[in-house]
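Please open the model in a viewer and keep the selection panel at hand.

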Amino acid sequence: MRLFNPEWEAIKQFEHSAKVRDVQFDLDGKAVPEDHGEALLEALAPHLPWLAETPLAGIHPIHGASTGHGTLVINRRAKLVLRLPTEKAAAAAALCQQSIDLGCGPIRIGALKEKPLMPFGYLYAPLVNMGTSVEADFLAAARAAFDALGVQGGLIPGKHRRMRTPQGEISGYSLMLHDVTLEQSITVQETGIGQHRLLGCGVFVPHKSIKEVAAG
């Protein structure tokens, strides 16, 4: 007989009620530039012309092993992940079996898999852009953005990071948000904070430990 677990039941409830979910694709290729946000958006745009006009849409950075020469090696575990409103998730299937090139050779996009958001008490974003490169000002702006969402919790900034775009450099910090409720966790993952979600900024994911933030 299955025992009733109130915490697990609450998590499942939030999974099903979330307005946004992640859509994941396998990737078959060799490498991507470390700074690939703009190139990735440009490569996806012809296949998903509605993406730029979709509220709450975001694109996760592609993860891979750094070569030390400005590129990331993508292995069989590397994924392309889009954060999309639930009603748009199926439309992302237009990417399946398409080939894109971010400047390091062709990458084949595999089958679509939908993943509900998971409400964790610790959330992490590799780069959050709040319009300032001064850490104290960044933290104040981030705190104000979370307050506007009704989200409490502690903030731990990580590395200062930069991203190049044709419009100029985007600057910000990696950021850990910790000790939030399940409901607040889903809110943050759905909305994010700051600018440039389609370039991978301000897109939060569950994180299990604070220890890695300073290095992340």
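**A buried loop residue**

Select Thr-54, which lies in the loop between α2 (37-44) and β3 (58-59); helices (H or I, at least four residues) and strands (E, at least two) are DSSP runs, numbered from the N terminus. This is a predicted model, in which local features need pLDDT of at least 70, side-chain atom pairs count only at pLDDT 80 or more, and totals for chains, interfaces and linings use all residues. Residues are numbered from 1 along each chain as its sequence is written, and side-chain values use heavy atoms, with hydrogens and water left out.

Thr-54 counts as buried, at 11% relative accessibility. Buried means under 20% relative accessible area, exposed over 50%, and partly exposed in between (1.4 Å probe, protein chains only). Leaving aside neighbours within four places in sequence, Thr-54 is in contact with Pro-85 and Lys-88, contact meaning heavy atoms within 4.5 Å.

**An open sheet**

Next, display the three strands of the open sheet, ordered β2-β5-β4 with antiparallel pairing. β2 (31-33) and β4 (65-66) are the edge strands, each with a single partner, so one side of each has no neighbour in the sheet. Strands pair if DSSP finds at least two bridges between them; two bridges join β4 to β5 (residues 71-73). Ser-66 is located opposite Leu-72 in β5.

**Helix α3**

Finally, select the buried residues of α3: Phe-138, Ala-142 and Phe-146. They cover an arc of only 65° around the axis, which puts them on the same side of α3; the arc is that of the directions from the helix axis to the C-beta atoms. Their cover includes β9 (122-128), β10 (154-165), β11 (168-178) and α4 (182-191). On the other side of α3, Ala-136 and Ala-148 are exposed. Just after α3, Gly-150 takes a positive phi of about 75°.
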